[in-house]
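Student: I am new to this structure. Could we go through the terms one by one?

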Amino acid sequence: MKHTATLSLLTLLLAGCASAPSSEKVAALNDEARQTAAGLVQTLGGELKGAMTAGGPANAIGVCKEKAPQIAKAAMEKTGFQIRRVSPNNRNPKAVPDAWESQALADLDKRLAAGEKPETLDMHAVVDTPDGKVFRYAKALVTQPVCVNCHGPADKLSPEVKDKLAAEYPHDKAVGYAPGMIRGVLSMKKPL
Ligand code: HEC
């Protein structure tokens with residue numbers, strides 16, 4: 001009896017080891033996530049600047065609303081990552097962080113306060129879920145001067161931006177930010 005118990009414990013342990021991804025695999029996923037995230041931030045930033053120059057911030061609201069999900073969708077199809085943007089002070093009602101994302105945000109905020117460079121502030125982990133192991137990645141989206149047009153203090157927003165946001169996002173919490181603050185994270189995940 002004792003022998004069988006030891007054996008099944010051993011089998012369990014081995015099974016656990018077998019499903020743990022190698023550190024090389026995790027490093028490769030992290031590289032891919034980083035590249036994808038950097039590409040997304042760059043594309044979205046370019047679209048945002050273009051729309052702002054063409055028609056001011058009220059015009060550019062559409063970029064954040066429609067273009068951002070389109071750009072993310074193309075990257076999801078290409079890479080197999082699930083990608084979304086979240087924030088504890090969300091504008092999009094669906095952009096609420098889950099437990100891992102909330103913890104990531106708190107950790108990234110601490111690292112930013114400790115002096116880490118905002119451009120490369122990110123983290124990754126392999127987490128256990130009821131459906132198996134999942135690779136998770138979060139990149140801090142740090143507020144730039146341009147973001148303040150739509151995410152700055154409510155009393156500093158232009159009347160056009162204020163009206164449009166009030167009409168499209170009646171429960172908006174994504175205001176009151178200053179350059180240098182983490183506005184949210186770009187969150188990516190892939191089942192292993
Ligand atoms: C022209 C206005 C505008 C500008 C400028 C802008 N945003 Fe947004 N942002 C929005 C809108 C509108 C949404 C909601 C989009 C949606 O419906 O998903 C949003 C959503 C977000 C979200 C997703 C979480 C949430 O609150 O719903 C993040 C993160 C974010 N913005 C970060 C930034 C950063 C960082 C910058 C500067 C690089 C920036 N934004 C510049 C209008 C703007």
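Student: What makes Phe135 buried or exposed?

Tutor: The relative accessible area of Phe135 is 0%. Buried means under 20%, exposed means over 50%, and partly exposed lies in between, with a 1.4 Å probe and protein chains only. So Phe135 counts as buried, at 0%.

Tutor: A word on the source. This is a predicted model, where local features need pLDDT of at least 70, side-chain atom pairs count only at pLDDT 80 or more, and totals for chains, interfaces and linings use all residues. Residues are numbered from 1 along each chain as its sequence is written, and side-chain values use heavy atoms, with hydrogens and water left out.

Student: How do you know that Phe81 is buried or exposed?

Tutor: Its relative accessible area is 1%. That is under 20%, so Phe81 is buried.

Student: What makes two rings an aromatic pair?

Tutor: Rings of Phe, Tyr and Trp (its six-membered ring) pair if their centres lie within 6.5 Å. By this rule there is 1 aromatic pair. Phe81 and Phe135 form it, 6.2 Å centre to centre.

Student: Why is the pair of Phe81 and Phe135 called tilted?

Tutor: Planes under 30 degrees apart count as stacked, over 60 as edge-to-face, and the rest as tilted. Here the planes stand at 55 degrees, so the pair is tilted.

Student: Which parts of the chain does the pair link?

Tutor: Distant ones, 54 residues apart. Phe81 is in the loop between α2 (23-79) and β1 (82-86), while Phe135 is in strand β3 (residues 132-142). Helices (H or I, at least four residues) and strands (E, at least two) are DSSP runs, numbered from the N terminus.

Student: How do you know that Lys190 lies over the face of Phe81?

Tutor: NZ of Lys or CZ of Arg must be within 6 Å of the ring centre and within 35 degrees of the ring normal. Lys190 is at 4.4 Å from the ring centre of Phe81. Likewise, the charged end of Lys65 sits over the ring of Tyr169, 5.6 Å from its centre.

Student: How do you know that β2 and β3 pair?

Tutor: Two strands pair if DSSP finds at least two bridges between them. β2 and β3 are joined by 8 bridges and run antiparallel, so they pair. Asp122, for one, has Lys139 in β3 as its bridge partner. A hairpin through 2 residues joins these strands.

Student: How many bridges join β3 to β4?

Tutor: There are 9, again antiparallel. Lys139 has Leu186 in β4 as its bridge partner. β1 and β4 pair in the antiparallel sense over 5 bridges.

Student: What is the order of the strands in the open sheet?

Tutor: The 4 strands run β1-β4-β3-β2, with antiparallel pairing. β1 and β2 (122-129) stand at the edges because each has a single partner strand.

Student: How many residues of β4 are buried?

Tutor: 8 of its 10 residues are, so β4 is mostly covered.

Student: What makes His151 a donor of the iron atom?

Tutor: Donors are N, O and S atoms within 2.8 Å of the metal (3.2 Å for Na, K and Ca); water is not among the atoms, so sites may look incomplete. NE2 of His151 is at 2.2 Å from the iron atom of the ligand, and His151 is its only protein donor. This residue is found in helix α4 (residues 148-151).
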